[in-house]
Amino acid sequence: MAPLRASAASDIASGPSRAQDSRNSTHITTSVTARDVQAMKKEIAEAVEGGADIVELRLDFLERFDPEKDIRELIGACPIPKIVTLRPTWEG
């Protein structure tokens, strides 16, 4: 194994940053599962503040879902990459 350059050793010691090349990085994803849009927006903010790299918006958890309004509002509230999921009830 080749010796590490000083900069590579420093990168390992400090851990990956969001600015590093994402092809070789691990990303933290968290699911947002609140029952209403306002609570989901709060969970999004908490996930971002907590260091999540990606947020999964679980729309199937919303008790009342207005696709035209809610999707736009939730995507606008999430400043990081997101996955939008709407699972049928039989899928869990």
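Q: Leaving aside neighbours within four places in sequence, which residues is Arg 58 in contact with?
A: This is a predicted model, so read every contact as a feature of the prediction. Arg 58 is in contact with Ser 31, Val 32, Thr 33, Met 40, Thr 85, Arg 87 and Gly 92. Arg 58 itself is found in strand E2. One of those contacts spans 26 residues along the chain: the C-alpha atoms of Arg 58 and Val 32 are separated by 5.9 Å.

Q: Is Arg 58 buried or exposed?
A: Look at relative accessibility. Under 20% counts as buried. Arg 58 has 8%, so it is buried.

Q: How many residues of E2 are buried?
A: Five of the five. The strand is therefore largely enclosed by the rest of the structure. Check the two faces separately. Ile 54, Glu 56 and Arg 58 lie on one side, and all are buried. Val 55 and Leu 57 lie on the other, and they are buried too.

Q: What order do the strands of the sheet have?
A: Start with the general idea. Strands of a sheet pair through backbone hydrogen bonds, either parallel or antiparallel. Now this case. The sheet is open, has three strands and runs in the order E1-E2-E3, with parallel pairing. E1 (29–32) and E3 (82–85) stand at the edges with a single partner strand each, so one side of each has no neighbour in the sheet. Neighbouring strands are turned by 20° against each other on average, direction ignored.

Q: How many bridges join E1 to E2, and how many join E2 to E3?
A: Four bridges join E1 to E2, and these strands run parallel. Four bridges also join E2 to E3, again parallel. Leu 57 is the bridge partner of Val 32. Leu 57 also stands opposite Val 84 in E3.

Q: What does Leu 57 touch, not counting residues up to four places away in sequence?
A: Its list holds Val 32, Ile 44, Leu 74, Ile 75, Lys 82, Ile 83, Val 84 and Thr 85.

Q: Which residues have the most contacts inside the largest nonpolar core?
A: Met 40, Ile 44, Val 55, Leu 57, Leu 62 and Leu 74. The core has 14 residues. Next, ask which elements supply them. Helix H2 (37–49) and strand E2 (54–58) are the elements that give two or more residues. H2 gives the largest share, four residues.

Q: At roughly what angle do the axes of H2 and H3 cross?
A: Read the distance and the angle together. The axes of H2 and helix H3 (residues 67–76) come within 10 Å and cross at roughly 20°. That makes H2 roughly parallel to H3, because angles under 35 degrees count as such. The crossing is right-handed.

Q: Which residues of H2 and H3 meet?
A: From H2 come Val 37, Gln 38, Met 40, Lys 41 and Ile 44. From H3 come Asp 70, Glu 73 and Leu 74. Met 40, Ile 44 and Leu 74 are also among the core residues with the most contacts.

Q: What pattern does the protein follow along the sequence?
A: The pattern is α-β-α-β-α-β. That comes to three helices and three strands.

Q: What share of the contacts between residues at least 6 apart joins residues at least 24 apart?
A: The share is 70%.

Definitions and conventions:
Residues numbered from 1 in each chain as written. Predicted model: local features only at pLDDT ≥ 70, side-chain atom pairs only at ≥ 80, totals over all residues. Heavy atoms only, no water. Core = buried A, V, L, I, M, F, W, Y, C linked by side-chain atoms within 4.5 Å. Buried < 20%, exposed > 50% of the residue type's maximum accessible area, 1.4 Å probe, protein only. Contact = heavy atoms within 4.5 Å. Pairing = 2+ DSSP bridges. Axes fitted to C-alpha atoms, helices over the stretch in contact; angles between N-to-C directions. Parallel < 35°, antiparallel > 145°, perpendicular 65-115°, else oblique. Left-handed = near helix turned anticlockwise from the far one by under 90°.
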